[in-house]
Amino acid sequence: MTSVLIAENVSKGFFRNKALHNLDLKIEEGKVYGLLGPNGSGKTTFFKIAAGLFKPTSGRMTVMGYPIGAETKKLTAFMPTDDFLFGWMKIDGILSFYTDMYEDFDRNKALEYLTFMELQENMKVSSLSTGMKARLKLAVTMARKARLYLLDEPLNGIDPISREKIVKMIMGAFRDDCAVIISSHLVSELETILDEVIFLDHGTVVLAGDAEKFRLEKSCSIEALYKEVYHG
Amino acid sequence: MANLIKYEFIRKWRGLGIFMAIVLILNAVILVKLQIGTHTPDEQMIALGAFFTGILGVFFILYIIDVTMMYSRDLDHKTGYMFMLTPNSGYKILGSKVITAILEGLLFLLVYLLLLAVNFVGFYGEPLRTLVGSDLFSMIVNQVHLEGVNLISYFTVSLLMLFVSIVGLFLMIYAAISIRKSILAEKKFGGLISFIIFMLLAWADSAITNTLTTDIFSANSMISPGVPSYTFLSIQILIQVVLGAVFFCVSAYLLENKMDM
């Protein structure tokens with residue numbers, strides 16, 4: 001099975017804090033990964049390094065064998081938690097931006113996702129609610145035919161009905177030649193779609209493996225395992 | 001890179017449009033006031049001259065602020081991800097900003113020259129011709145005595161010097177911002193640090209220029225008061241181009257390899 005992302009001994013420090021500490025990770029294609037952990041465990045830092053927004057203090061990360069850079073940005077679709085879309089643009093403008101910037105962006109698919117998410121092209125980004133913006137971010141991210149999808153807290157600030165839609169959309173966009181990494185606190189909502197889980201704490205992997213295997217071995221849900229890992 | 005430039009302009013066009021509209025309205029108000037008042041043609045020319053001198057200063061200050069913001073805003077705000085996540089290297093992203101800044105500067109210049117032409121030729125053609133033919137104008141022109149200098153090539157070199165100096169200025173600003181956001185990212189008082197770095201770079205730039213022109217090439221800096229020599233200008237251009245390239249490479253390298261967004 002092809003490794004889409006490999007992290008070797010990756011560390012990242014901010015001031016005196018270490019957000020990631022000698023992290024080793026291998027992400028394989030054809031799987032949906034859950035990157036789980038409490039606030040400050042290093043999930044967002046990991047995503048931002050993989051997306052090329054942060055530079056690791058030490059160690060090495062590659063996507064499809066390329067060191068993180070312009071080449072890997074062609075292969076990686078990142079949905080950050082931040083409100084990063086241009087507020088002055090209409091949704092239509094955002095779609096044009098993605099069409100111009102990303103060769104793998106499928107505008108028709110994006111339109112399909114927008115309809116599914118109940119968003120219209122003529123809506124101005126700044127006028128959208130937090131939930132609508134999250135849905136828009138996800139729609140444009142998943143409309144790319146990337147090899148690696150990084151979804152940072154895609155369910156944050158989303159109502160329960162929309163959460164279901166988001167999960168459906170992620171699964172609808174999933175292909176065998178890609179890998180999806182999703183971070184979330186809402187473990188129960190994602191439980192059914194995760195193939196693998198990675199538990200992070202203080203910037204290191206404390207537990208990782210096949211989600212189904214964990215369920216069988218520990219005879220508990222991933223949510224229960226989450227509580228066990230972080231609360232003893 | 002063309003797409004990056006395109007979206008830089010799309011992002012700017014509203015602000016630029018508003019600014020241009022304000023300038024046009026101000027210009028129209030001044031023209032109307034001059035036309036309906038009881039001013040002599042000379043007074044009208046002087047008033048318009050003052051207006052255009054002031055506007056030139058405003059154009060320049062706003063231009064430098066806008067060009068600086070184009071880079072710093074992307075580094076300081078999350079909307080910068082829009083560009084930084086695209087599959088372009090730091091060199092391309094910075095290069096697109098530099099080209100956008102140059103095109104924007106040329107646009108400002110074009111608008112300024114058009115306004116100047118429309119005002120003076122369109123409304124004050126006759127007084128302008130009278131002024132150019134006047135003894136006072138001849139006297140001022142005669143003051144500028146450039147022996148052995150081809151005026152056209154001297155004028156071209158002067159314009160080139162102005163161009164590379166302005167580009168060099170914002171590349172220096174970009175370098176200061178890049179150093180602050182990368183090597184000194186974890187230090188407090190980022191804005192102040194950026195400004196101090198900029199001042200240090202400006203000092204270094206000036207020291208290098210002076211050393212090279214005066215001490216090494218022994219270029220005679222002035223051929224008459226306020227008029228730098230052709231050689232001096234040529235060396236200055238070369239130095240500015242080299243320093244600009246260094247500033248660009250340093251900034252792009254830091255953006256690509258050392259900066260956290």
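This report covers the interface of chain B with chain A, then a sheet in chain A.

The model is predicted: local features need pLDDT of at least 70, side-chain atom pairs count only at pLDDT 80 or more, and totals for chains, interfaces and linings use all residues. Residues are numbered from 1 along each chain as its sequence is written, chains are lettered from A in the order in which they are written, and side-chain values use heavy atoms, without hydrogens and water.

**Interface**

Contact here means heavy atoms within 4.5 Å. Buried area is the accessible area (1.4 Å probe) that two parts lose on being put together, summed over both.

| Item | Value |
|---|---|
| Chain B residues in the contact | 26 residues |
| Chain A residues in the contact | 27 residues |
| Buried area, chain B and chain A | about 2500 Å² |

Carbon and sulfur atoms give 65% of that area. Two salt bridges (side-chain nitrogen of Lys or Arg within 4 Å of a carboxyl oxygen of Asp or Glu) link chain B and chain A. One joins A:D100 and B:K6, at 2.7 Å from N to O. On chain B, the elements giving two or more residues to this side are α1 (2-36), α3 (81-84) and α8 (230-257). The largest share, seven residues, comes from α1(B). Helices (H or I, at least four residues) and strands (E, at least two) are DSSP runs, numbered from the N terminus.

**Sheet in chain A**

Four strands form an open sheet in the order β2-β1-β4-β5, with antiparallel pairing. Two strands pair if DSSP finds at least two bridges between them. The edge strands of chain A are β2 (17-28) and β5 (66-67). Five bridges join β1 (residues 3-14) to β4 (residues 58-63) in chain A. A:L5 has A:V63 of β4(A) as its bridge partner.
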